[in-house]
Structure formats: C-alpha cells, structure tokens
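Thanks for coming. I will talk through one structure today, one part after another. Please have the sequence and the view open.

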Amino acid sequence: MQSQQAYAVEMQSIYKYFDDFCALNAVNLKVKKGSIHALLGENGAGKTTLMNVLYGLYKADSGRILINGEQVEMKNPNVAIEHKIGMVHQHFKLVENFTVVQNIMLGKEVSKAGFVLDISRARKQVVELSKTYGLTVDPDAKIEDISVGMQQRVEILKALYRGVEILILDEPTAVLTPQEINELVNIMRNLTEGGKTIIIITHKLKEIKKSSEYCTIIRRGKYIDTVDVKNVTEQQLASMMVGREVNLVVAKTKTNPGDVVFRIDNLTVEDSRKIERVKELSLSVRKGEIVGIAGIDGNGQKELVEAITCLTKVKAGRISINGVDLQNTSPHNVIKNGITTIHEDRHKRGLVLDFPVKYNLILENYNRPRFAGHAILHEQAIHKFAQDSISRYDIRPENCASELARALSGGNQQKVIIARELSDNPELLLAFQPTRGLDVGAIEFIHSALIKHRDSGHSILLISFELDEIMNVSDRICVLYDGRIVAEFQQGEVDENGIGLLMAGGERKNGI
Amino acid sequence: MGSKIAELLNKTATKIILAIVLGFIAGALALAVAGYDPGTSYSMMFTSIFSSPQNMIQVLILTMPNILTGLSVAFAFKTGLFNIGGEGQYIVGAIAAVMVGGVLNLPPVINVIVIVLVAFVAAGLYGALAGFLKAKFGIHEVITTIMLNWIALYLNNYLVSLPGIGVKNTEYSFPIKQSAWTNVLNGWKTSPHGQAYLSTHPALSTILLGTDINYGIIIAIVVAIAVSFLLYRTTFGYQIRAVGLNKDAAEAAGIRVKKSIVMTMFIAGGLSGLAGALQMTGTLPHALVTLANQPGYGFNGITVALMANSSPIGCIFTALLLSALQFGGSTIQMNLGAPSEVVNIMIGVIVFFVAVASMFTMISERIKRRRVKIAG
C-alpha cells in the first residue's frame, strides 16, 4: 500500500474497443506524483484514447484506474474533475472574444451578492497563479489578440484555477515556436516543483528528452515499456515507438540546381486587418533545388503562402514562374502554371474530409480529360488512379479509395495530399508545414517524397516552423523575420543556433 | 443477429424509416390525448386515399410541386446553402409561365417546353440573386430568400391587379392558353369525340374530367433522377459538393467558390420555379391568383428535403409521404372532427428524428460493442 501512495495515476490493463478495433490492449500506466511523465506513440497508437479514458471522456471496456492509490470509476469528466485531473486539449477551447480572465472563470464564476460577477476577484486569483508558476499573460487581453502560445497558457491557467493536481497536456508543443517550447518546459518544471503531476502526450522525441523524467511508450494500442528518460537516446525512443529502426535524418545527395524557375520580387502583403505582414520580400528558387524558409510562426509565412497561391491579394511586388506573373490572379491559374501547394492546415485547406479518398485525390484535376469527359466523371478512371496513388504513397488502409478522408489517420491524410499535389509533377511544390502533427514514420516518408521530387528535376519551396526539418531537407535556407528575408545560407554553412538567433530577430554577426 | 441489427441501423434509409415510424407513434399519442382513436384515424387516413382513384390522383397532383421544391432545397443543401426561398421562386416560376403561356401560341409540345424553360430561367435568376448577394457581399441567404419570398408574393398580387393582366372583377389573371396545358389527354377529353366516349365511361370520366390529372408528376420524377445524376456523376456536381463540404479546400484547389454558389442558387431557384410553372400548366385555373399568403410548397420543400436527408431520389418518396399525410389529415378532420394538426405533429417528429439520426448510429455502436464484449 505504502508504495502505491507515490503514484498519482495508475492505470492497470486498460482495454478499449471501437467496433471491432482494439484501440487499447492491456495498457498500463504508472505516473509518479510530482513528475513529468511523457506518453509517446505514433499517431493512432492510442495515446489520446488512453488519456480520454483517464479523463472520463471514454469508458474503458475493462481495467482499473487508481488516483492517488484509490480506485476510481471514471464515468465522465466530472468524476475526473472531482479528482483534480485537468486536460489541455490540442485544440484549445476558448471563447475568442472574451478576455483571458473571462475565459478562465467561465463555468466557475465568482460572484458578489449571489449574482453579480466579481471579475476583480477572479482577476486577482489569476494574476497570483500566473506569478506563482511563471505563466505570464495579460489578464485583460482578448483571446483573439494573443498568440497561440499565450492561449495555451490560458488553458493551463484555466486548469490551475480549478485546483487541478494532475494535468494532462495533449500535444502541447505542436503549435509552439522553439522559444515558446522552452518557456513551456520551464512552466512545467515550476508546476511539478509546486507538487503538480504532469502527463504530456507527444511524439516529439527532443521535447521528451528536454522535459520529462519518465516516458511510457505505446505502439498500436499495446503497452511497450516505461523508461527513465535520462537512460535512453532519441534514436532508441524512436525505435521503440515505431517498432523498427528509423532514420531521423533523411538521406540525400548534393544537388546541382539549374536556372531560376520561381521568383518573388519586392513582395508586400497585408493581412485582413491591413497590417503589412510581408515586407518587400524577394527570393528565388532554382530548378532542382529545395529552398527552406526558417522562421517563427507569425512572421509572415501564412500571408506569403496565401499570396503565392492567390488566396489573398498582394499589395505590391511580383510573383512569377518561368517568367509568367501570377500575383493577384486566381488559385486555378497558379495550379495551371505548375505550382501546387501543401497547405499548413490540412483539414481546412487540404482535404474535403467528407469526400471519399479518391475524390480528394482529384480535387485539383477533376476537370481533366483523364477523369472526366463531357462534364461527366469517369468513375473507373478515378478509382484506378486512386488505387495507384494509394499503393505508390503507401496510404493505409490500402482499400481506402472509397472511404471518407475523415476516417484516415493524420499521417495518411497528409499522404493523400502529397499524392495529389505531386501527381502532376508540378514545376514548384510549395510545402507549408508538410509534416505538422505527424509522427516519425510519416515524417521520414514525406521528407523522402520531397527529396525524390527534387531529384526528378523539380523545385520545392519549403516553409516550416520546425527548424530541424528546414536544416535536414533544404539545399538553401532563408531566414524570415518580420516579413523580410534577413539572411540566406547554403546548407551546412550554418548551425541551428545561428539560425535560431536570426529567427528571433538577432543581428547577423560575422562568422555565422 | 445483433450485428445485423447494428448494420441495418447504420443505413440512412433505415434511419429515415425509423424516424417515420416514431412520427406515427407520436401522432397516435397526440390523437389519443385529443380523445380520438388512433387506429380509426390512421385507417381512415389510409383508406380515404385508396378509396377512390380520384383521391389517389389528388395525392399525386399534390406530390408534384413538393418533389420539385424538395429538390430545390436539397440541391442547395449540398452546397451548404439553406434555400428558404422556394416560395418566392415558385411564385416567380408561376408568373413567368402565365405571362408567356397566356400570350404564346406555339405547337403543343414545343409550347410547353418553351414556357417551362422560361419559367426555370426566371425563377433561377431569382434564386441566383440571393446567391449573388451571398457570394459578393456575404449576406446570408436565409435572410435574402425570406425577403424575396414576400417580394414575389406582392409582385404576383400587383400583376393580377393590373388591367391588362387581371381579369376584371375576379382575383385571377388571364390563363395559360389551352394548347400549353399539361393535363392528360388534354385535347381529346374536350373534343366532341372524347366527350361522347367519356359520357359512356363514367369511371374514366371522373378521372379525366373530375381531376386535374397531368403529366407533372412524371416530369418531377424525371427531374429528380436528373438532379441526382447532376450531383453525383458530373464535374459540376463534384464541384458544388466540394464547395458544400469544405469551401476553403475547394477554393485552395482552384474551384471557383463564388461562381459555384451563384450557379447552385440558380438551379435551386429554377427547380422551385419549375414547380410553379407545372402547377400553372397542369391545374385549374391555369392562371395567377391573388395570394393572401405564401402558397406553402416552398416550405413543404424544406420538410421534404429534410426527411429525405437531402437525397434527390429520396425526395420523390418523402414528397409522396408528405402529400399523402396532408391529404389524409384533411379527411380525418372532415370525417371524424379530429384535428388535422396531428399531421403537422407527425411531420415535425419525423423531421426531428431524421435530424437526430446520429442517435441511431449510437445505438448501433452500442449493440456492436456489446457483441464484441461477449465475443472477447
């Protein structure tokens, strides 16, 4: 009994079925009180399902849950909340036009005289909490005006405000910049020093090394192992997660780029609020070359991509491919001229989730003679094309052509997009966060697909917030800061620290 | 066994049939509470329809506009638009049909085709106006189409009041010329030869002369099949469904979203207009009438589309059901004194349960899970 007291959470041989699919198969998890415990696994491995069971969102089909040594039946989230468990979801649940304090007190409002909201008291509590744990936020700012990193802090504060002792963070770093990740790690340390227990769901190895003490690995719903993080390497963690040896760095040969294919001259783009986000930016991409744009989220990447794809108007400047001007035409025209795009948000821009996979694979080409004649779709040709793409890009399950895109895992959804965008051998592939939210196995696949495309003599403009990705894949690296390209390097000329400094707005010094 | 039930519960058709059954149960409860025997009332609704060929035909005549306005709403739903403007588009279609049909004198079949096409385009443009306002200025189609309904109604009444159009001292406009009527055996039944024949065949006579029997229902069914083909087999259908399911992805893929919205509303409007036109060519008085209220077919269309879960082919059956219920409801009121509003309760319950059909999916999953547990 005595030893059990040390565990804040114990989950014993948890089973969970969805239809005939076994999502969790005898999974065990023991989390020491006051520790940071990582839950590692590929997408679809069952990490989030396990945490949803712990939080009472799903009911386990069998197994026991103990909180602080006491068996608890997690019927619904209210039971979890009673036991001081809090969860910060990957997609935040905040009211956009409420202030930070209003959001935090929402659902647990304090009042004067029984019905008058006492915002100032709640505000005081929030300020106190943020001071205690180093969670600096402006309590009076509206959610819509603050960055994603700040919004996450609000979510954490919301949990703390409710007296949470065990905090579950679902993919907390997926949306953060490198700096914000460091800050988050510090906050997590502060929290555990204050006696809180943290479970973080992630598939990012680096961050596990950086933040966690223990790590439990799950693969395809099965419990693999729990390890002491300081005793294992990233490579070992990756192998345990995927179940085979993986290459964390893709193999690629040196390239001999040809003539300039794509160029941007003095481009200026405003956002919807008429604020200049891209400022007189110029760059060029040559044939057979991958140009990577490194930068922290919010430095103009989104506006740059929307300008290139003609989803937004440019204020000034030129965008051209093979000498043809594209700015302020139409998305259709951009695609016709040989530029296809992997958008950052695959659910918003990339896929029609309620269309079958085969229809998603022809979203840009449904009008072409190979798929339609006299305005009538050739179902057979479409199906055959889908089958080809599915086997060529290893999209799983392999008989998914007629399944809804919604039914696929994130990695496979992304493969559908890649298959589509590369199907016509575009002159230039614009890849914006192509591996966002994907696991190691899928990242490896997508990086090699990009390099294959380059090797076949085409060009890629890669825009990513993951510095590792830029460093691994690009032939030439541009650093974007505040809407401008502030520096440019050939691969190997510079290390992560040098670029990191420039990304944060530092001056370029001699030697880097 | 359990798995079969689970699978069946997951099918859309099963869900809709279940919803209908629940609607009938709710109607029975309402009747019982009001002090009427549900058994008698339902059997009367049923038998009244099948008691005479005249009544059956009456139901079919009622079904035609309901199918078309149902298609109109269902089609717009596929692009993510809610077309509440069926009423107005129906009226515009009727106006166009009467204006053209009262003047034009072309050979019989061609005459009808021209009238119907003009009405389709006129009502289509009326619908497209709402689409344009949505695409260009982002004004919600629900608001614009409701307003356009009333504009159409008062336009109708204004036209009927004009000396050149309205017939003096009546509430009618001039009628469509008889050569453009879509009634069955239209020419023959009024010819001396036909009249002589019908006088010796009373059964046929009650059908041909006692009802407005017309070809509209056949046209409506053909149009439903055509709409289904357009949606699921053509590039245009692909395009508008993509826009309906994810506008942002469609836009990024180079699909012209705004054009697609306008085009969808054009077709949706045209379908409702077709209902109005065929009603004018098919039923008495073959003319515009001063309207005190909306004709009701556009709103029926919303019910039809919702019950059919926006399936064009499904609209044929749900329109038939709706029309039969409405007809049957009037007979129980007439014969038993039972409130015909019971029918509205039933329809409401059916729509409600189709809308919450996900509930059936949940039940289906629970059955499956139980089975897995037993197996495991």
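Before going on, some housekeeping. This is a predicted model, in which local features need pLDDT of at least 70 and side-chain atom pairs count only at pLDDT 80 or more, while totals for chains, interfaces and linings use all residues. Residues are numbered from 1 along each chain as its sequence is written, and chains are lettered from A and ligands numbered from 1 in the order in which they are written. Helices (H or I, at least four residues) and strands (E, at least two) are DSSP runs, numbered from the N terminus.

Back to α15(B). The expected span of a helix is 1.5 Å times one less than its number of residues. For the 25 residues of α15(B) that gives 36 Å, and the end C-alpha atoms are 36 Å apart, which agrees.

Next, helix α10 of chain B, residues 216-233. Its 18 residues should span 26 Å at 1.5 Å a residue, and the end C-alpha atoms are 25 Å apart, which agrees. I call a residue buried if 20 or more other C-beta atoms lie within 10 Å of its own, exposed if 12 or fewer, and partly exposed in between, with C-beta atoms placed from the backbone. The buried residues of α10(B) include I217(B), I219(B), V223(B) and L231(B). Down the axis of α10(B), the buried residues fall within an arc of 150°, so they line one face of the helix; the arc is that of the directions from the helix axis to the C-beta atoms. V222(B), I225(B) and A226(B), on the other side of α10(B), are exposed. What do the buried residues of α10(B) pack against? They pack against α4 (53-78), α11 (235-245), α13 (257-282) and α15 (312-336) of chain B.

Now the domains of chain B, with bounds from an automatic or database domain assignment. Domain 1 is 1-34 + 341-376, and domain 2 is 58-184 + 212-338. Their C-alpha centres lie 31 Å apart. Domain 1 of chain B gives 12 residues to the contact and domain 2 of chain B gives 9, where contact means C-beta atoms, placed from the backbone, within 7 Å. On the domain 1 side, the largest share, 8 residues, comes from α16(B). By class, that side has 11 nonpolar, 1 polar and no charged residues. Here Ala, Val, Leu, Ile, Met, Phe, Trp, Tyr, Cys and Pro count as nonpolar, Asp, Glu, Lys and Arg as charged, and the others, Gly among them, as polar.

How many residues of chain A are in contact with chain B? The contact joins 28 residues of chain A with 18 residues of chain B. Elements giving two or more residues to the chain A side are α10 (331-336), α11 (346-350) and β20 (376-377) of chain A. That side divides into 15 nonpolar, 6 polar and 7 charged residues.

Last, some strands of chain A. Two strands pair if DSSP finds at least two bridges between them. Strand β13 (residues 260-270) and strand β16 (residues 316-321) of chain A pair in the antiparallel sense over 5 bridges, and F262(A) has I321(A) in β16(A) as its bridge partner. β16(A) also pairs with strand β17 (residues 324-325) of chain A, antiparallel, over 2 bridges. These two, β16(A) and β17(A), form a hairpin with 2 residues between them, and N322(A) in the turn has a positive phi of about 50°.

Definitions and conventions: Contact = placed C-beta atoms within 7 Å.
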